[in-house]
Amino acid sequence: MLSDLINNRFSCRAFTDKAVSRDQVESIIATALQSNSGSNLQPWNVYVVTGESKQRLIQKVGETAMLNPKGEANVDIPIYPNPLPEPFKTRRNECGETLYKSLGIARDDKMGRLGWAFKNFEFFGAPVGMIVTMHRGLSESQLIDIGMFLQLMQLAATEQGLATCLQASWTMFPNAIRESLEIDHDEMIVCGVSLGYADLEDAVNSVQQSRVSVDDALILKGF
């Protein structure tokens, strides 16, 4: 059932080295391509990397991150506004604390936290990495379309017994990514995706993040 797929999906941050086939990737993308989009613009491009291509991307972004740990100066899409308003700032902080607590990394262990953050740019060890882009001439509305596409991608992967993690962190290094993958400047870096088989023995994959209640999310008029 769809509800089972939704409830079983989680953001995987530790993967096994079990290979994912090209047929599996193409099947997942084919399902995601059935996603709806305004006026059928279908604004997404997906660059899939494995093997040496993935390692070259990881190396290029890693080298850039060592020189610019806070990201490149001119990103395509900022991850968060500055300042981040409430209640979103509190939710973000709680998310981070829940994650680091599961890893046993203390609040004052800045190097430990930085080291873990850099795992983002290794696709958390997943055998397949993806970079999702959108043409620079499009607008915020098309990002909604891409969000729906990505959600279908995750559910299609879950149906096949695979795990995913959507990663906004890759937007910190758009120029390094474009250089490594030979992506035209007209394409904005929207996010990265890690894909593979979850390492369910790793504590990070047992993290449960909170969700707001239905009462908090709904503003009912007329019921």
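## Basis

This is a predicted model, in which local features need pLDDT of at least 70 and side-chain atom pairs count only at pLDDT 80 or more, while totals for chains, interfaces and linings use all residues. Residues are numbered from 1 along each chain as its sequence is written, and side-chain values use heavy atoms, with hydrogens and water left out.

Helices (H or I, at least four residues) are DSSP runs numbered from the N terminus. Axes are lines fitted to C-alpha atoms, for helices over the stretch in contact, and angles run from 0 to 180 degrees between N-to-C directions.

## Helices α2 and α6

Helix α2 spans residues 22–32 and helix α6 residues 140–159; their axes come within 8 Å and cross at roughly 135 degrees. The angle therefore makes α2 oblique to α6 (under 35 degrees is roughly parallel, over 145 roughly antiparallel, 65 to 115 roughly perpendicular, the rest oblique). The crossing of α2 and α6 is right-handed (the near helix is turned clockwise from the far one by less than a right angle).

On the α2 side, Ile28, Ile29, Thr31 and Ala32 make the contact, with Phe149, Leu152, Met153, Ala156 and Ala157 on the α6 side (contact means heavy atoms within 4.5 Å). By class, the residues of this contact are 8 nonpolar, 1 polar and no charged (Ala, Val, Leu, Ile, Met, Phe, Trp, Tyr, Cys and Pro count as nonpolar, Asp, Glu, Lys and Arg as charged, the others, Gly among them, as polar).

## Helices α3 and α7

The axes of α3 (residues 51–67) and α7 (residues 174–181) come within 9 Å, crossing at roughly 150 degrees. α3 is therefore roughly antiparallel to α7. This crossing of α3 and α7 is right-handed.

Arg56, Leu57, Lys60, Val61 and Thr64 of α3 meet Ala176, Ile177, Glu179, Ser180 and Leu181 of α7. The contact of α3 with α7 comprises 5 nonpolar, 2 polar and 3 charged residues.

Methods:
Helices (H or I, at least four residues) and strands (E, at least two) are DSSP runs, numbered from the N terminus.
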